[in-house]
Amino acid sequence: MSTDNTMSRRKAIGSIGAVLATTIVSPTLANGLENVDTTPATAPEDPTTKYVRPPFKEQTQPWPGLVSKMDPRPDHGEKSYKGSGRLKGRKALITGGDSGMGRAAAIAYAREGADVAINYYPTEEEDAKEVIALIKAEGRKAIAIPGDLRDETFCKKLVEEAVKALGGLDILVNNAARQQTQESILDITSEAFDATMKTNIYAPFWITKAALPHLKPGASIIGTSSQQAYDPSAELYDYAQTKAATTSYVKSLAKQLGPKGIRVNGVAPGPIWTPLQVSGGATMEKLKQFGGDTPLGRPGQPVELASIYVQLAANDASYATGQVYGAAGGGGQP
């Protein structure tokens with residue numbers, strides 16, 4: 001047999017094999033191509049330069065402060081947070097939902113498919129309106145319930161109104177807090193101490209008690225603690241102990257409600273750029289260098305914690321309860 005004939009037969013057999021392979025494999029390849037992820041790749045971001053670094057301008061506001069008057073304005077995810085339906089159909093109540101981590105959680109929850117009720121102090125109406133508009137823009141229910149959390153009667157009413165307006169309750173985020181810096185314990189009046197305790201400890205107690213009869217297995221309670229619970233600053237004597245109490249109630253309540261299928265977790269931020277800082281929560285010297293002493297060299301932005309609040313409320317975190325998730329730029333201990 002000649003070399004030419006041998007090569008011709010090989011080519012013919014190869015061609016037949018290729019046709020058979022295409023006939024057999026192409027449907028599979030076609031199906032595979034349909035499932036190929038065509039989402040554009042995202043480049044890694046340097047966390048040290050992702051957001052603004054100190055020094056910050058000197059600025060003060062009356063308590064409790066407004067996002068709209070901060071310079072620079074914090075990022076709560078207004079433009080950057082992208083949802084994927086992780087909380088579709090859920091119903092959430094968030095205290096302090098007008099600014100800070102509460103606002104970031106409200107925006108994220110809405111973009112994940114949840115209906116959201118937010119509470120805020122009446123003087124924060126300007127910020128609250130922005131949040132309500134953002135929630136509605138996602139086609140979700142947005143409920144605004146202003147009021148003073150230092151009032152037990154209002155706390156009970158808050159839950160009643162939220163449950164009625166939302167048609168139930170699946171997620172409770174006890175986030176609102178009062179923080180006022182004082183150099184010495186001698187400078188803290190009993191009235192100021194009482195206001196901090198009622199806002200940060202009593203209110204979550206009252207609200208959780210009122211909400212519990214409405215929570216079913218699969219529900220989540222999330223408390224906002226702080227790095228201050230583990231490494232308190234000298235000038236935040238009263239605030240720091242309330243955050244230690246928050247961490248403790250998260251762990252205690254998780255043990256109590258675990259058998260009922262209700263998860264309780266906490267988030268412990270480090271220095272985050274929020275109205276707390278410019279409305280009496282930090283000295284001017286500390287404000288100007290706020291977050292600069294962290295390993296990342298800057299304060300965090302509320303949006304950088306949004307995904308933690310989502311994760312702790314989502315079904316795929318079903319084994320996480322009694323946990324405190326830290327986000328402190330390299331500091332803190334949780």
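**Exercise 1. Which residues is Y309 in contact with, leaving aside its neighbours within four places in sequence?**

Before the solution, two remarks on the model are needed. This is a predicted model, in which local features need pLDDT of at least 70 and side-chain atom pairs count only at pLDDT 80 or more, while totals for chains, interfaces and linings use all residues. Residues are numbered from 1 along each chain as its sequence is written, and side-chain values use heavy atoms, with hydrogens and water left out.

Step 1. Contact means heavy atoms within 4.5 Å, and on that basis Y309 is in contact with M101, A105, Y109, V173, N175, I222, T224 and V267, once neighbours within four places in sequence are left aside.

Step 2. Y309 is also one of the residues with the most contacts inside the largest nonpolar core, which has 33 residues, and L87, Y109, I118 and I222 are the others named with it. A nonpolar core is a set of buried Ala, Val, Leu, Ile, Met, Phe, Trp, Tyr and Cys residues joined through side-chain atoms within 4.5 Å, where buried means under 20% relative accessible area, exposed over 50% and partly exposed in between, with a 1.4 Å probe and protein chains only.

Step 3. The elements that give two or more residues to this core are β1 (91–95), α2 (100–111), β2 (115–120), α3 (125–137), β4 (171–174) and α9 (303–313); here helices (H or I, at least four residues) and strands (E, at least two) are DSSP runs, numbered from the N terminus.

**Exercise 2. Describe how α9 sits in the structure.**

Step 1. Eight of the eleven residues of α9 are buried, so this helix is largely enclosed by the rest of the structure.

Step 2. The buried residues are V303, L305, A306, I308, Y309, V310, L312 and A313, and they pack against α2, β4, β5 (220–224), β6 (263–269) and β7 (324–327).

**Exercise 3. Describe the packing of α2 with α3.**

Step 1. The axes of α2 and α3 come within 9 Å and cross at roughly 15°; axes are lines fitted to C-alpha atoms, for helices over the stretch in contact, and angles run from 0 to 180 degrees between N-to-C directions.

Step 2. That angle makes α2 roughly parallel to α3, given that angles under 35 degrees count as roughly parallel, over 145 as roughly antiparallel, 65 to 115 as roughly perpendicular and the rest as oblique.

Step 3. On the α2 side the contact is made by R103, A106, I107, A110 and R111, and on the α3 side by D127, E130, V131, L134 and I135.

Step 4. These residues divide into six nonpolar, no polar and four charged, where Ala, Val, Leu, Ile, Met, Phe, Trp, Tyr, Cys and Pro count as nonpolar, Asp, Glu, Lys and Arg as charged, and the others, Gly among them, as polar.

**Exercise 4. Describe the packing of α4 with α5.**

Step 1. Helix α4 (residues 152–166) and helix α5 (residues 190–211) pack at an angle of about 40°, with their axes 9 Å apart.

Step 2. That angle makes α4 oblique to α5.

Step 3. In α4, the residues E152, C155, K156, L158 and V159 meet A203, W206, I207, A210 and A211 in α5, and the residues of this contact divide into eight nonpolar, no polar and two charged.

**Exercise 5. Is T224 buried or exposed?**

Step 1. T224 has its place in strand β5.

Step 2. With a relative accessible area of 4%, T224 is buried.
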